[in-house]
Amino acid sequence: MPDVIYLDNNATTAVAPEVREAMLPFLTDLYGNPSSIHTFGGQVMKHVDRAREQVADLLGCHPTEVIFTSCGTESDSTAITSALACWPERRHVITSRVEHPAVLNLCQALATGAHGRPVCRVTQVPVNAAGEFDLPAFGDALDDDTAVVSVMWANNETGVLFPVEDVGALCRDRGIVFHTDAIQAVGKVPMNVADLPIDMLSLSGHKLHAPKGVGALYVQRGTRFSPMMIGGHQEQNRRGGTESVPLIVALGKAAELAKANLEKENTQVRALRDRLERKLLAAAPDARVNGRTDLRLPNTTNISFEYVEGEAILLMLDQYGICASSGSACTTGSLEPSHVLRAMGVPFTAAHGSIRFSLSVYNTQKEMDRVVEVLPPIIRRLREISPFGREGSPAVETIGS
Ligand code: PLP
């Protein structure tokens with residue numbers, strides 16, 4: 001698909017050519033099992049070790065603190081279930097209302113007993129209209145029963161950054177495990193986890209130009225840990241299962257590239273995102289950015305085009321080869337606005353017309369200019385036929401609180 005303008009990098013990213021190159025030998029000649037005694041296997045283990053160093057270098061931690069997993073969801077699940085297993089006398093989990101389903105649905109399943117008996121109660125900390133985490137409400141929610149706090153570093157829909165250092169500090173004061181889902185933040189925000197009060201952190205390869213199917217969990221030395229995948233002795237007994245060497249090598253290379261590109265993310269990508277946002281807001285009346293615009297990922301903008309359906313915008317953009325995503329998901333036949341926008345209290349007519357553009361280092365100014373050329377006429381056309389049209393629209397309803 002050579003003519004695609006890909007602006008959906010928070011959903012997944014293209015595999016970097018260097019990453020593809022790095023993993024290929026492990027799909028052909030270097031197929032040994034890293035746990036084998038023979039030299040052929042041992043040689044492969046050296047590359048797994050190297051990948052662990054590359055990931056550790058990106059995060060700012062020691063390689064032994066990195067566990068390879070199959071995806072971000074597995075990392076999130078491992079962190080939260082591990083803390084509950086290690087602190088059996090504590091049965092309270094705190095998270096936020098705007099977490100990814102990898103955390104939200106897991107917590108809900110644990111609280112409702114979807115797999116047996118309920119194992120904990122869950123508090124979801126609210127966000128304000130700008131998508132900011134409510135730190136005082138969080139402080140009030142902490143209690144002696146709290147086993148683990150899981151709060152994301154950056155929101156995948158709005159890009160808004162959360163005060164993970166403050167959240168972690170409050171947890172440390174009370175001896176509570178703090179996990180952060182940093183799946184959208186890793187590679188876009190500088191981090192040095194050794195200096196932060198973070199016990200566990202999740203990342204996912206396919207958000208940073210590695211293939212799908214690999215992730216990692218950082219577990220700070222000294223943190224009590226209980227594996228989710230029980231089996232062989234891999235990953236220092238912390239995750240059973242023969243290592244997916246090609247994917248692990250790919251993640252290592254992607255981490256190395258992400259570190260090298262961090263500056264570019266925060267200058268070049270940020271400038272492209274800002275230009276796109278500025279021009280779209282100027283060209284389309286009744287457009288607004290969802291979420292705080294300063295403390296935000298450099299690659300993400302979530303814009304509501306009021307009185308039109310996001311899905312319709314996406315379909316029309318698709319005809320021009322432009323890939324983005326919307327803040328509503330067509331589930332059960334009704335267009336339900338995203339839980340993130342609902343939690344922010346974004347009005348109904350705006351939540352339905354929200355589009356997330358998420359960029360990468362592979363995007364160009366020419367691509368942004370093309371979107372700015374194509375999108376405003378689409379919005380005008382859709383507004384003319386919209387049942388939510390400004391003329392005679394139903395009363396604006398606010399959802400969420
Ligand atoms: N958490 C966040 C914030 C995400 O954005 C995603 C993916 O979209 C996930 C978790 C799940 O990651 P994976 O697809 O690797 O399981």
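A search of the whole structure finds 17 salt bridges, a salt bridge being a side-chain nitrogen of Lys or Arg within 4 Å of a carboxyl oxygen of Asp or Glu. Before the details, please note that this is a predicted model, in which local features need pLDDT of at least 70 and side-chain atom pairs count only at pLDDT 80 or more, whereas totals for chains, interfaces and linings use all residues. Residues are numbered from 1 along each chain as its sequence is written, and side-chain values use heavy atoms, with hydrogens and water left out.

Let me start with one group of these pairs. Arg50 and Glu53 form a salt bridge, with 3.3 Å from N to O. Both residues belong to helix H2 (residues 39-59), where they are 3 residues apart, about one turn of the helix. Helices here are DSSP runs of H or I with at least four residues, strands are runs of E with at least two, and both are numbered from the N terminus. Arg50 counts as partly exposed because its relative accessibility is 41%; the class lies between buried, under 20% relative accessible area, and exposed, over 50%, with a 1.4 Å probe and protein chains only. Glu53, with a relative accessible area of 38%, is also partly exposed.

Arg50 has a further partner in Glu256, and the closest N and O atoms of that salt bridge are 3.7 Å apart. This pair links distant parts of the chain, since Arg50 is in helix H2 and Glu256 is in helix H8, 206 residues apart. Glu256 is partly exposed, its relative accessible area being 32%.

Which residue meets Glu256 in a salt bridge at 3.1 Å, N to O? The partner is Lys253. Lys253 and Glu256 are separated by about one helical turn because they are 3 residues apart in helix H8. Lys253 is partly exposed, with a relative accessible area of 22%. As a general point, side chains of opposite charge can pair when their charged atoms come close.

I now turn to the domains. The chain is divided into domain 1 (5-13 + 262-393) and domain 2 (17-260), with bounds that come from an automatic or database domain assignment. The centres of the two domains, taken over C-alpha atoms, are separated by 29 Å. Contact, meaning heavy atoms within 4.5 Å, involves 28 residues of domain 1 and 35 residues of domain 2.

Between them, domain 1 and domain 2 bury about 2,600 Å², of which 54% is on carbon and sulfur atoms. Buried area is the accessible area (1.4 Å probe) that two parts lose on being put together, summed over both. Thr13, Leu262 and Leu297 are the residues of domain 1 that lose the most area to domain 2, together 26% of what that side buries.

How many salt bridges does the rule find across the interface of domain 1 and domain 2? The number is 1. Across that interface there are also 20 residue pairs in polar contact, both residues at pLDDT 80 or more. A polar contact is a pair of N or O atoms within 3.5 Å; within protein, one must be able to donate a hydrogen and the other to accept it, and residues adjacent in sequence count only if both atoms are side-chain atoms. On the side of domain 1 that touches domain 2, helix H8 (245-283), strand S10 (300-305) and helix H10 (339-343) each supply at least two residues. The largest share of that side, 4 residues, comes from H10.

Ser77 lies in helix H3 (residues 72-86) and counts as buried because its relative accessibility is 13%. Leaving aside neighbours within four places in sequence, Ser77 is in contact with Leu106 and Met228.

Ser358 is placed in strand S15 (residues 354-358). Is Ser358 buried or exposed? Ser358 is buried, with a relative accessible area of 0%. Its contacts, beyond neighbours within four places in sequence, include Tyr6, Asn10 and Thr300. The side chain of Ser358 reaches the backbone nitrogen of Asn10 at 2.8 Å.
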